[in-house]
Amino acid sequence: MSSVIERWHKVVEAQDPSGLADLLADEVVHTPQVGKPITTLYLSAAFKTLNEPGHFKYLREVVDGNNAVLEFQTEIDGITINGIDMIQWNDEGKIVDFKVMVRPLKAVNAIHAAMGRMLEAIKPVKA
């Protein structure tokens, strides 16, 4: 297993977004977001939204060079969600691209609503 993916698993298990600081490259892309601050915000919201205790689990992963695909399963509001995290990192061990795909459609809708609520709750306050 890649050390990047091992570090990713530790951050997810801890549900601690501060661990993303050393894991994400400054120019990371989390389509359509670009950059470390916005990607950190979205991944932080995802930790709280998708990682309900007892529900979120990785089912399998495929690692090839600096790329990985991790299949996960979780549940939101009684809807079973199946998805994948597609992760690419650079030679310095920093994640440069992070993409999430989920199914079925009702799961996409549930995540969209839950992520919207979570982002609203945790978004930084502008001075």
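Visitor: What does a side-chain oxygen of serine 2 reach at the start of α1?

Guide: That oxygen comes to within 3.0 Å of the backbone nitrogen of valine 4. The cut-off for a polar contact is an N or O pair within 3.5 Å. Bear in mind that this is a predicted model.

Visitor: How do you know that the length of α1 is close to what is expected?

Guide: Helix α1 covers residues 3–14, twelve residues in total. From first C-alpha to last, α1 reaches 17 Å. At 1.5 Å a residue, 16 Å is expected, and the reach is close to that.

Visitor: Which residues of α1 are called buried?

Guide: Val4, Ile5, Trp8, His9, Val11 and Val12 are buried. The label needs under 20% relative accessible area.

Visitor: Why do you say that the buried residues of α1 line one face?

Guide: Look down the axis of α1: the buried residues fall within an arc of 165°, so they line one face of the helix. The face turned away from that buried side carries Lys10, Glu13 and Ala14, which are exposed.

Visitor: What covers the buried residues of α1?

Guide: The cover includes α2 (36–50) and the strands β3 (57–64), β4 (67–76), β5 (79–89) and β6 (95–103).

Visitor: Why is glutamine 15 called partly exposed?

Guide: Its relative accessible area is 34%. Buried needs under 20% and exposed over 50%, so a value in between is partly exposed.

Visitor: Where is aspartate 77 found, and what is its phi?

Guide: Aspartate 77 lies in the loop between β4 and β5. Its phi is positive, about 50°, and it is not a glycine. At 66% relative accessibility, aspartate 77 counts as exposed. The cut-off for that label is over 50%.

Visitor: In what order do the six strands form the sheet?

Guide: The order is β2-β1-β6-β5-β4-β3, in an open sheet with mixed pairing.

Visitor: Why are β2 and β3 called edge strands?

Guide: Each of them, β2 (33–34) and β3, pairs on one side only.

Visitor: How do you know that β1 and β6 pair, and in which sense?

Guide: β1 (residues 24–30) and β6 share two bridges. Pairing needs at least two, so two bridges are enough. The sense is parallel. Valine 29 stands opposite aspartate 97 in β6.

Visitor: Which strands run antiparallel?

Guide: β1 and β2 do, joined by two bridges. Histidine 30 stands opposite glutamine 33 in β2. A hairpin of two residues links β1 to β2. β5 and β6 are also antiparallel, over eight bridges. There, isoleucine 87 has phenylalanine 98 of β6 as its bridge partner.

Visitor: What does valine 29 contact beyond its neighbours in sequence?

Guide: Leaving aside residues within four places in sequence, valine 29 is in contact with Val34, Val96, Asp97 and Phe98. Valine 29 lies in strand β1. With a relative accessible area of 24%, valine 29 is partly exposed. Lysine 99 is 70 residues away along the chain, yet the two C-alpha atoms are separated by 8.2 Å.

Visitor: What makes the peptide bond from arginine 103 to proline 104 cis?

Guide: Its omega is near -10°. Most peptide bonds are trans. Proline 104 belongs to the loop between β6 and α3.

Visitor: How do you know that the span of α3 agrees with its 18 residues?

Guide: At 1.5 Å a residue, α3 should span 26 Å. Its end C-alpha atoms are 26 Å apart, which agrees.

Visitor: Which residues of α3 are buried, and why do they line one face?

Guide: They are Ala107, Ala110, Ile111, Ala114, Met115, Met118 and Leu119. Down the axis of α3, they fall within an arc of 155°, so they line one face of the helix. These buried residues pack against α2, β4, β5 and β6. Turned away from them is a face with the exposed residues Leu105, Lys106, His112, Arg117 and Glu120.

Key: Residues numbered from 1 in each chain as written. Predicted model: local features only at pLDDT ≥ 70, side-chain atom pairs only at ≥ 80, totals over all residues. Heavy atoms only, no water. Helix = DSSP H or I, 4+ residues; strand = E, 2+ residues; numbered from the N terminus. Expected span 1.5 Å × (residues − 1). Buried < 20%, exposed > 50% of the residue type's maximum accessible area, 1.4 Å probe, protein only. Arc of directions from axis to C-beta. Contact = heavy atoms within 4.5 Å. Polar contact = N/O pair within 3.5 Å; in protein donor to acceptor, adjacent residues only side chain to side chain.
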